[in-house]
Every structure is written in C-alpha cells, then in structure tokens.
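Me: I would like to learn how to read a two-chain model, feature by feature, before I use it in any calculation. Could we go through it slowly, with the general idea ahead of each case?

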Amino acid sequence: MKYLIDPMDLTTQEVRGILQLAHEIMEDPKKYAHKCEGKKLATLFFEPSTRTRLSFEAAMLELGGSVIGFSSADSSSAAKGENVADTVRVVQCYADIIVMRHPKEGSAKAAAMNLEIPFINAGDGGHQHPTQTLTDLLSIESIKGRLDHLSIGLCGDLMFGRTVHSLIRAMMRYQDIKFTLISPEELHLPNYLLKEMKQNGVPYVETRQLEGAIDNLDILYMTRVQKERFFNEADYLRLRDSCILDSKKLSSARPDMIILHPLPRVNEIPNEIDKDPRACYFKQVLYGKYVRMALILTMLGESEC
Amino acid sequence: MLNIDSLEKGLVIDHIKAGKSMSIYQFLNLDKLDCSVAIIKNAKSKKMGKKDIIKIDDKVDLNLDVLGFIDPDITVNIIENGKIVEKKRLNLPLKIYDVLKCKNPRCITSVEYGLPHIFELVDPKLGIYRCIYCEQEYKA
C-alpha cells in the first residue's frame, strides 16, 4: 500500500489487517517500540490541527521513529508561493513517509500523484480524512465488538464534515448498516454520497432534529459545524447551534448506544455529557494513536514481528 | 445538399448540433491552424433538421476526447483523395484532460498552478463526470 487518500483505497481485508495490528499494539506496545528506528515521518500541515498532527507524531515516536515537518502554511514554502506538488517532491528526499493536511479539497490526490514514498492524507479540506475513519472503525470495533449490523446516526455538519463522508463510505461495505442523517437543511449530506448509498442499497433517513432520531441508534456520531468551511460568518453563526446534544435528548437513547465525535467540539456536546458512560470520544482519541501506529507500520512494510 | 468533393484531404466534423460549431471551433483551437477551416451553420439535415458542419482542409490531429465530451453524436469523416475513407463515431471519453475547469472554489485546482484539470466519467448513461481531486460532479 503506497497511498492512503480515501478510506476506499483500502480493501476490507486491508482494513481488517490494520485493525488487527492496532489491537495487537494495544495489547503489547513495548513489542513495537523499536519497529521504526531510523525511519522519519514528515508531517506537512498546511492548516492548524492539534490531535491529528500530535497523534501521528506520538504514533511515530512510540514506534521508535523520528518526526520532521511544519504545522502551518506560514512556516512552509507555501508562504513563498510554492505549490503542493513541489513541496511533497522536496520533502520525499528527507523522509520515509509523508502525512499531509491541506485546506483544499483534492490536495491529497494532487500530492500523491508526484510521490515515490508512502503518503497518508490527514485531511484535504472538506473532502476525505481516512485516518479519522480508521480511528472510528477501531473505536466502533473495540467498544461495540463488531463493524456490521449497526444503526449509525450522523449529526451536525454533514455537508463539509469530511469525517462523516469518509465514515459513510467505509461503513457501507459492512453488512446491515443503517444511517440516520441529522443536520439542518443547509448542511445536508452531499448528493453524490446520497446517490452512492442508494446505489449500494444502504438504507438511510434524513432528519433535521436530534429529538426522535436517536432512540434506536447503536452509535451517535456527532460533528461540529466548522467555522473554517464557511465563507460567511453570518451563515456559520446561524447554523452553529442547530444540532446540540443535551441530557434531555440523550435520555431517550439506548443504554448501550455510544457517542463518538472526531473532536474538537464547540458547543454540540456540553461538558455535562462527558460523565455519561455512553460518551466515548476521549477513548476514541487514544484509539486514533494506535490505529495510526498500525497504519505507519503497514505502509512502511514494518508490520511483521 | 452539402458537397465535400472540394476537400481533397482533410476532416469533416459532421452532425454537430445546430449552433454548437463555434464552441467546438474554440475547444479544438481551430483558430491556430494554418489551413482553411469552413464553418457551415444551420445546414439542412434529414436526421437532425438543422445541423452545423466544420470542414478542415488538412488531416490534422484532433482531440476526439473533447468532441466526444461536447457531443458524442458528432461524426468525424476523414477525407483522402476527395473521398471519405473513415467515419469515426465518438463516445463519451473515460477521462478528459484540461477541457473543464472544476467549479468548486474549495478544490485544489482553484489555487494550484500547473495541475492538470482531470475529470473521470462516473455515469455513462447520464454523462456525469467527476473531478478526480475533489469529486465535484459535472454533467456533459
């Protein structure tokens, strides 16, 4: 596997292999502590990120490798006008594997077209975010014990929310998956994804409110309305408060439902929910590190023990 | 009836939807050719009622992908020694390069210089293409 741009780049067998390796790392992290000694990971972050960048860096460090890179476009040659293709071509001379986040949709594809070394898309605008998807899959499998026969509610910004887009495509490949899409009209799921669900015979319902939509869910996947995706502040402010989960709404959910969120959150999950045993979004962060360790090992061909 | 006898060697782009010939002229950059190029608008057609035709007085290399994308019903006749030696029928191309520009303002192609604009055919029945970078759809 050379590039990971879209979660669909991975077959279900490859996903299985990565999740299995992640479980093995979780069970015995010391066994993997030196697997990437002498290897360098380049993290090219053209837009701000805390958890994804640090998660990749922590993952590589825990594998015994080292990390180089930048954390904003201002501190890279992009500030001088260099394009993405040239930046990655230069960086591949210094690193063994590249992780990139960029605000423009499709930037990962543009980068990968020019590379000889393994490349991981860490988010290209509102388009795809495959490692968040792997994080979500590992979280679901670890907590729910399965990736099939699930009813999944997706709530918030479904239009620009790349984590949602990636998760839908990944989950569509498992048996008996149903989606409940909860968003304001202006932030509904893009038509091409609705069409893909129809073509694949995946049932879904669209609704505008959390009330009444979460009663029979196995998973509620919350997302934030992302300010950086709006050209207009007024639109952002109007839509920001449209999908908020509170204790009253949560009271109608099943006791074994789990709440996931890619984080960061703004106000869509108030702090009071954190104490609820169904809130799994901080566990999800830890799963993210382990799955990225498994992915780095797999892409570097270092996964054999 | 139109007569192609006067063309000894060249190409006739036939069955163009009436009124579309000028956009085809521009898409194919025919203004850059040295040879004679004739545009016939609103010619009578039994099949189409009215059609446009473009005659090119030389055997030039045409980007048939572009033509197939603009209108797959167009035919291209190759003329040698005053006779049609080949009739090419067009299909919707699987990929088109640097013909369309992605209209998504968030697409990397909106800022990245030197990046080819590539669209892939995803639904041949409906003629729907998708930007290979951001997946924005475009209908042929």
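This is a predicted model: local features need pLDDT of at least 70, side-chain atom pairs count only at pLDDT 80 or more; totals for chains, interfaces and linings use all residues.

Me: How many helices and strands does chain B have, then, and in what order do the elements run?

Reply: Chain B contains nine strands and two helices, and its elements, read from the N terminus on, follow the order β-α-β-β-α-β-β-β-β-β-β. The C-alpha trace of chain B spans about 50 × 30 × 25 Å along its principal axes, and 45% of the 140 residues of chain B count as buried. If one takes the contacts in chain B between residues at least 6 apart in sequence, 54% of them join residues at least 24 apart.

Me: Which backbone angles deserve a second look?

Reply: Most residues other than glycine have a negative phi, and most peptide bonds are trans. With that in mind, consider the bond between A:Leu263 and A:Pro264, which is a cis peptide bond with omega at about 5 degrees; A:Pro264 sits in the loop between β10 (258-260) and α10 (281-299) of chain A.

Me: And where do B:Asn42 and B:Asn81 lie?

Reply: B:Asn42 belongs to strand β2 (residues 37-45) of chain B, and its phi is near 55 degrees, a positive value in a residue other than glycine. B:Asn81, by contrast, is placed in the loop between β4 (75-80) and β5 (83-89) of chain B, where its phi is also positive, at about 50 degrees, although it is not a glycine. As for accessibility, B:Asn42 is partly exposed at a relative accessible area of 42%, whereas B:Asn81 counts as exposed at 65%.

Me: Now to the interface: how is its extent expressed?

Reply: The size of an interface is often given as the accessible area lost when the parts come together. Here chain A and chain B bury about 1,700 Å² between them, with 52% of that area on carbon and sulfur atoms. On the side of chain A, the residues that lose the most area to chain B are A:Asn83, A:Lys104 and A:Glu105, which together make up 31% of what that side buries. Counted by contacts, 23 residues of chain A touch 18 residues of chain B.

Me: Which residues of helix α7 of chain A are buried, and what covers them?

Reply: An α-helix has 3.6 residues a turn, so residues three or four places apart point the same way. In α7 (residues 191-199) of chain A the buried residues include A:Tyr192, A:Leu193, A:Leu194, A:Glu196 and A:Met197. Their cover includes α6 (162-171), β7 (177-182) and β8 (204-207) of chain A, and from chain B it includes β8 (128-131) and β9 (137-139). Just after α7 of chain A comes A:Gly201, with a positive phi of about 65 degrees.

Me: How many salt bridges cross the interface of chain A and chain B?

Reply: The rule finds three across that interface, and its count over all chains comes to 21. One to examine is that of B:Glu135 with A:Arg169, whose closest N and O atoms are 2.8 Å apart.

Me: What other partner does A:Arg169 have?

Reply: A:Arg169 also forms a salt bridge with A:Glu196, at 2.7 Å between the closest N and O atoms. That pair links distant parts of the chain, since A:Arg169 is in helix α6 and A:Glu196 in helix α7 of chain A, 27 residues apart. Buried means under 20% relative accessible area, so A:Arg169, at 5%, counts as buried, and A:Glu196 does too, at 15%.

Me: Which residues does B:Glu137 pair with?

Reply: B:Glu137 meets A:Lys195 in a salt bridge of 3.5 Å, N to O; because B:Glu137 lies in strand β9 of chain B and A:Lys195 in helix α7 of chain A, the pair joins two chains. B:Glu137 is partly exposed at 30%, as is A:Lys195 at 31%. Within chain B, the side chains of B:Arg130 and B:Glu137 form a salt bridge as well, at 3.2 Å, and B:Arg130 counts as buried at 15% relative accessibility. Through shared partners, salt bridges join A:Asp6, A:Arg169, A:Lys195, A:Glu196, B:Arg130, B:Glu135 and B:Glu137 into one network.

Key: Residues are numbered from 1 along each chain as its sequence is written. Chains are lettered from A and ligands numbered from 1 in the order in which they are written. Side-chain values use heavy atoms; hydrogens and water are left out. Helices (H or I, at least four residues) and strands (E, at least two) are DSSP runs, numbered from the N terminus. Buried means under 20% relative accessible area, exposed over 50%, partly exposed in between (1.4 Å probe, protein chains only). Contact means heavy atoms within 4.5 Å. Buried area is the accessible area (1.4 Å probe) that two parts lose on being put together, summed over both. A salt bridge is a side-chain nitrogen of Lys or Arg within 4 Å of a carboxyl oxygen of Asp or Glu.
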